[in-house]
Amino acid sequence: MSLAPPLTPGTAFRQLEPEVPMDARAAVREQVAASRDRLVALSHRIHAHPELAFEEERAAAWCAEALDAAGFAVERGVGGLPTAFVARAGSGPLHLALCAEYDCLPGIGHACGHNLIAAIAVGAGIAAARVADDVGLTVSVVGTPAEERGGGKILLLECTRP
Ligand SMILES: [Zn+2]
């Protein structure tokens, strides 16, 4: 009878990690480091220009432009929502979708951090896209308007329903 070795701190996560080549992991880390300053600047820019639900014209454009520049195919205004977009890279069988939120709260700006959520989604997408062909990924960054009020994601789901 074989028993799994006891879990000790630091081993549980490793045991659950899928088999990803170390060079792919290193490439992702390298990409995140290379993008860091631009991502922080994107986050600060969105924070400094808060836009309410369905009015996130600049934030959506800045995120889409960053992904476009990184080689993503970007479709703007998806679902009839002018501030929604889908940016796609890779064509692998595992589809990774990251939601970027970028609307602010009325009266208090980006108090809940959608500027961070947007920049993190863009950065994670760019890093994942770098290894998409190596590890079999399709990467989509979905720009989702109106998280604070208005249900932007619900509208996007409804428009894609067959
Ligand atoms: Zn929020």
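The crossing of helices α3 and α4 is right-handed; by the convention used here, a crossing is right-handed if the near helix is turned clockwise from the far one by less than a right angle, and left-handed if anticlockwise. Before I continue, please note that this is a predicted model, in which local features need pLDDT of at least 70 and side-chain atom pairs count only at pLDDT 80 or more, while totals for chains, interfaces and linings use all residues. Residues are numbered from 1 along each chain as its sequence is written.

To return to the helix pair: α3 covers residues 57-69, and it packs with α4 at an angle of about 15 degrees, the axes being 10 Å apart. Axes are lines fitted to C-alpha atoms, for helices over the stretch in contact, and angles run from 0 to 180 degrees between N-to-C directions. The two helices α3 and α4 are therefore roughly parallel to each other, a term for angles under 35 degrees, with over 145 counting as roughly antiparallel, 65 to 115 as roughly perpendicular and the rest as oblique.

Which residues in α3 and α4 meet? From α3 there are Ala59, Cys63, Ala66 and Leu67, and from α4 there are Ala118, Val122 and Gly125. Contact here requires that the C-beta atoms of two residues, placed from the backbone, lie within 7 Å. By class, this contact has 6 nonpolar residues, 1 polar and no charged ones. Ala, Val, Leu, Ile, Met, Phe, Trp, Tyr, Cys and Pro count as nonpolar, Asp, Glu, Lys and Arg as charged, and the others, Gly among them, as polar.

I turn now to the sheet. Four strands form an open sheet of mixed pairing, in the order β1-β2-β4-β3. Helices (H or I, at least four residues) and strands (E, at least two) are DSSP runs, numbered from the N terminus, and two strands pair if DSSP finds at least two bridges between them. At the edges stand β1 (73-76) and β3 (94-101), each pairing on one side only. Neighbouring strands are turned by 15 degrees against each other on average, direction ignored. Helix α4 (residues 114-130) packs on this sheet, where it touches β2 (85-90), β3 and β4, and its direction makes about 155 degrees with that of β3.

Strand β4 (residues 137-144) pairs with β3 in the parallel sense over 8 bridges. Within this pairing, Leu96 stands opposite Val139, and Leu98 has Val141 as its bridge partner. With β2, by contrast, β4 pairs in the antiparallel sense over 6 bridges; Thr138 in β4 is the bridge partner of Gly90. Is β4 mostly covered or exposed? It is mostly covered, as 6 of its 8 residues are buried. A residue is buried if 20 or more other C-beta atoms lie within 10 Å of its own, exposed if 12 or fewer, and partly exposed in between.

Next, the loop between β3 and α4, where Leu105 lies. Leu105 counts as partly exposed because it has 15 C-beta neighbours inside 10 Å. Leaving aside residues up to four places away in sequence, Leu105 touches Ala111, Cys112 and Glu148.

Finally, the chain overall. The protein chain has 6 helices and 4 strands, running α-α-α-β-β-β-α-α-β-α from the N terminus on. Of its 162 residues, 38% count as buried.
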